[in-house]
Amino acid sequence: MIGLTFYVQQPIIPQLVSLVMLIASALLFRATIRESSKAGLLAAFDEKLPGSLLMTGPYSVVRHPFYSSYLLLWSGWAIGTWSPWSLVPLTAIIITYWVAAKGEEQKFASTAMAEEYAQYKARTGRFIPRIFGRG
């Protein structure tokens, strides 16, 4: 990964965009940790059904803020490397988090929180805040 970062001379705009995305990722990650530290959330791909639903802090605008922070980080890295090869790991990461998020969302349908989650899902985006349309 380090080799890709310094493989080519990057223009200044992608470097700045990358820096902003990396900082935003760190801030979102920190806010999400602060909000979820006592919630007892499950790990990605855990077989258990969720026992709680967070809808405050970063969770008030996106359903998966941890994944959002990781996607910001990797997207910022891909832009900062200025290499088409960075799209390979980025694509794999996007697919992995999409599958994990989809599975987590399906588990809520089997819990007492199914209706509450459906309402929450209707007003929040999966990885980015919902402006209009589906998330």
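## Basis of the model

The model is predicted: local features need pLDDT of at least 70, side-chain atom pairs count only at pLDDT 80 or more, and totals for chains, interfaces and linings use all residues. Residues are numbered from 1 along each chain as its sequence is written, and side-chain values use heavy atoms, with hydrogens and water left out.

## Overall make-up

Helices (H or I, at least four residues) and strands (E, at least two) are DSSP runs, numbered from the N terminus.

Along the principal axes, the C-alpha atoms fill a box of roughly 55 × 30 × 25 Å. Of the 135 residues, 35% count as buried (under 20% relative accessible area, with exposed over 50% and partly exposed in between; 1.4 Å probe, protein chains only). Among contacts (heavy atoms within 4.5 Å) with a separation of 6 or more, 77% join residues 24 or more positions apart.

## Helices α2 and α3

The axes of α2 (residues 12–36) and α3 (residues 65–81) come within 8 Å and cross at roughly 165°. Axes are lines fitted to C-alpha atoms, for helices over the stretch in contact, and angles run from 0 to 180 degrees between N-to-C directions. The two helices are therefore roughly antiparallel (angles over 145 degrees; under 35 is roughly parallel, 65 to 115 roughly perpendicular and the rest oblique).

Residues of α2 in this contact include M21, L28 and T32, and those of α3 include F66, L73 and W77. By class, the contact has 15 nonpolar, nine polar and no charged residues. Ala, Val, Leu, Ile, Met, Phe, Trp, Tyr, Cys and Pro count as nonpolar, Asp, Glu, Lys and Arg as charged, and the others, Gly among them, as polar.

## Residue T32

T32 is in helix α2 and is buried, with a relative accessible area of 0%. A polar atom of its side chain lies 2.8 Å from the backbone oxygen of L28. Leaving aside neighbours within four places in sequence, T32 is in contact with P58, Y59, P65 and F66.

## Helices α3 and α4

The axes of α3 and α4 (residues 87–108) come within 10 Å and cross at roughly 170°, which makes α3 roughly antiparallel to α4. Among the residues in contact are Y70 and W74 of α3 and I93, Y97 and E104 of α4. By class, this contact has 13 nonpolar, one polar and one charged residues.

Key:
Polar contact = N/O pair within 3.5 Å; in protein donor to acceptor, adjacent residues only side chain to side chain.
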